[in-house]
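Dear colleague,

Please find below the structure that I am handing over to you.

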Amino acid sequence: FLLSWQTTFQDGGEEVEDGAVYNVTLKKVQIQQAANKGARWLGGEGDQLPPEHTVRQYETSKIRAIKAGTLEKLVENLLTAFGDADFSYISIFLATYRAFASPRAVLELLLDRFGNLETSSHGEMANLNSLESEMVLRAEIASVLRAWLDQCSEDFREPPDYMCLLKLLDYLKNNMPNSDMESRVQNLLKQFQNQEVEAVDGFCSTSSSGLLDGEELEISNPEEFSSFQDHVVAEQLTYMDVMLFRRVVPYHCLGSIWSQRDKKENKNLAPTIRATITQFNAVTKCVISTILGTRELKIQQRAKIIEKWINIAHECRILKNFSSLRAIISALQSNSIYRLKTTWMFVSKDVLLMYEELSEIFSDHDNYLTSRELLMKEATSKFANLDSSEKENQKKSQKRLQLQKNKGVMQGTVPYLGTFLTDLIMLDTALQDYVEGGLINFEKRRREFEVIAQIKLLQSSCNSYCLVPDQKFIQWFRRQRHLTEEESYKLSREAESAADTNILSPKSQKSMVKRISTLFLGTDVFTPPKEQPPKSSPVGGSSGESTDSASVSSCEFNHSETEDVCVTPISSPEDPLKKSSVGSDKGYDSDKGSISSDKGSSSKGSISDPGSGSDAGSIPTRDSGSVPSSAPKALPVYNRQSEGSCIIRVSMDGLHASVYKSILITNQDRIPDVTQRALLKHNLEPDAAEDYELVQVISEDKELVFPRDANVFYGMNSHVNFDFILRKKA
């Protein structure tokens, strides 16, 4: 017989049980059956029978996926998900449950409630005899525990008592004695107990504690930095980034987890993410200190260092290291480096074109679509896909790429983690944790898992890297003393002042400016922004912790429920007259979660959140594009009003000018409610709402002040950025 089949899916609605709501999908399979013998005699071609001689059968099966439920029901569903054909449920639950439960609570329910046959209410076992019930239940629990240990063994790292591991070990000894899993848990316990407590940031620490005995922090020596080959620097930065990214615990990235990092009791929360932030900041600070740290450098020498960093960034691109690539581009677009107009004139045209192409990767157009598509395209590819509009750069790229291919070693992919954190923060802000009846909203966790799965895929790809640490470079990197905002700005002014008195005549200087203008802006005139002296860091921290904007908190990394931060976007040589494509959101949060932005920047802008348009003058609407009726309901996003809700950003006037909070508002919210929520998020007393007024920033010289009882959703200007300020009433 010949068999062929066609599968269709149909929405089966919802099923409601006590403590749970399920989405039901009907899977209909059409099976065609035919005997191939005599097919030709019956008029068929080859072995295919004509339609009138085929038999069609239909099979319909039901797929149940839990949509919301109590914690008990969600844990029970771990044991029944395969029977309901919800095959990804266990992975989704294990990756996200820390947002609504602790490992101990889940383990106790799994072992005490469902692991004990006498008290178990596992409905699927009702019709089986006692022995079969015991065997099936043990097999299901063993399957869940095995997946838990495989995917999330870090959940059991609870020094010094390791209560969950001991409880699990006790269960296995009683129910699965001498099993492979019992041995595995014993080994894991010994491993945790024997491992010394070590800083998760390890080698990338930029503090003096990371130095060898007798070493001190120092300003970079240009000759020593120049002695490192470009590809060596890129490989070592990639080595550091890979080591840290592979250690990232995915659930640390969840919006509900990461947003709690700045509370006093959570100073050690999400250490794996903090480590990547420290490394990112270290790279941006290193770029700035090597360019500005030596006062005696001539213009041409300083330009050569800028060229070297652009070439290093290009090598990072070849290695598919988007983290250090973005860190370098961020530093070059920081105000203290950008303002070196005369120095940039001595950067060669080919290198400037390469810099422009690398910057375009992180363009904020269409919610950073370019970087997102490129990241997913290269996530599992063996090598980078390099394209260049400039022939010389294309030739150089292909030559370097060919050298990589000749080595026969595949490359992994290191992402810019901030993109994923932003998506998870936006999901956490837009979707409710609980639905009607106090049930845990598991649909939210499914959406979050889509992002977590991408992180895990990229972590897996990093195993393809084969890089060896170069201790000489790593020690040099550790020794770098990083400049504060004030220092970098002062040195930048000094360098530019010295350059202004250099050999360039007014005519030649005009020619050079025109060349750079044509390169970056087409026919526009290259007009640098009016400079302002830097101010102190807006949030805490000593001068030693205050850093240049390129190396600090990103909107992406701080755009959270509790601490949503947006540094003032930094102009770049690419286009000083509009918001920077990279500089506005590339820095990371410091270890303490404090925010430090470059106040020397004068341009304004905003970070395009997931789903938002990138063009302030072209705000997407629900009517743009054709959306199928079956498409899921759009989530509230920044800069767009959709389905009676949207997300706005609220900052405090004066005290925290560059720190904002994302707030979800609906068409029912009025000024008092929004003001109270904004004050609460800024850790201020909500009872003082009457003392504040809410203002929408329309432009640099225009504001929209709301009356006391106004409806914010309908009263706001929806054609500009949804940026608001809370200001004390006069």
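Predicted model: local features only at pLDDT ≥ 70, side-chain atom pairs only at ≥ 80, totals over all residues.

Residues are numbered from 1 along each chain as its sequence is written, and side-chain values use heavy atoms, with hydrogens and water left out.

Overall make-up

The protein has 25 helices and ten strands; these are DSSP runs numbered from the N terminus, helices being H or I with at least four residues and strands E with at least two. Of its 730 residues, 54% count as buried. Buried here means under 20% relative accessible area, exposed means over 50%, and partly exposed lies in between (1.4 Å probe, protein chains only). Among contacts with a separation of 6 or more, 75% come from residues 24 or more positions apart, a contact being heavy atoms within 4.5 Å.

Helix packing

Two packed helices are described by the angle between their axes and the distance between the axes. The axes are lines fitted to C-alpha atoms, for helices over the stretch in contact, and the angles run from 0 to 180 degrees between N-to-C directions. Angles under 35 degrees count as roughly parallel, over 145 as roughly antiparallel, 65 to 115 as roughly perpendicular and the rest as oblique.

Helix H8 (residues 230-247) packs with helix H20 (residues 471-479) at about 75 degrees, the axes being 10 Å apart. H8 and H20 are therefore roughly perpendicular to each other. H8 contributes Val233, Gln236, Leu237, Tyr239 and Met240 to the contact, and H20 contributes Phe473, Ile474 and Phe477. By class, this contact of H8 with H20 has seven nonpolar, one polar and no charged residues. For these classes, Ala, Val, Leu, Ile, Met, Phe, Trp, Tyr, Cys and Pro count as nonpolar, Asp, Glu, Lys and Arg as charged, and the others, Gly among them, as polar.

For helix H2 (residues 89-96) and helix H19 (residues 442-461), the angle is about 85 degrees and the axes are 9 Å apart. H2 and H19 are therefore also roughly perpendicular to each other. On the H2 side the contact is made by Tyr89, Ser91, Ile92, Phe93, Ala95 and Thr96, and on the H19 side by Phe442, Arg445, Arg446, Glu448, Phe449, Ile452 and Lys456. The contact of H2 with H19 comprises seven nonpolar, two polar and four charged residues.

Aromatic rings

Rings of Phe, Tyr and Trp (its six-membered ring) pair if their centres lie within 6.5 Å; planes under 30 degrees apart count as stacked, over 60 as edge-to-face and the rest as tilted. By this rule there are 18 aromatic pairs. One of them joins Phe228 and Phe473 edge-to-face, at 5.3 Å centre to centre and with 90 degrees between the planes. This pair links distant parts of the chain, 245 residues apart: Phe228 is in the loop between helix H7 (222-226) and H8, and Phe473 is in helix H20. Phe228 counts as buried at 6% relative accessibility, as does Phe473 at 1%.

Ring pairs also link Tyr89, Phe93, Tyr97, Phe100, Trp148, Phe156 and Phe442 into a cluster.

Two arginines lie over tyrosine rings: the charged end of Arg64 sits 3.8 Å from the ring centre of Tyr22, and Arg339 lies over the face of Tyr489 at 5.7 Å from the ring centre. The criterion is NZ of Lys or CZ of Arg within 6 Å of the ring centre and within 35 degrees of the ring normal.

Individual residues

Contacts listed here leave aside neighbours within four places in sequence.

- Gln459 lies in helix H19 and is buried, with a relative accessible area of 11%. Gln459 is in contact with Phe245, Arg246, Val248 and Pro250.
- Met716 lies in the loop between helix H25 (712-715) and strand S10 (723-728) and is buried at 7%. The contacts of Met716 include Cys646, Ile665, Leu704 and Phe724.
- Lys167, in helix H5 (residues 163-175), is partly exposed at 29%. Lys167 touches Leu107, Glu108, Leu111 and Asp112.

With kind regards
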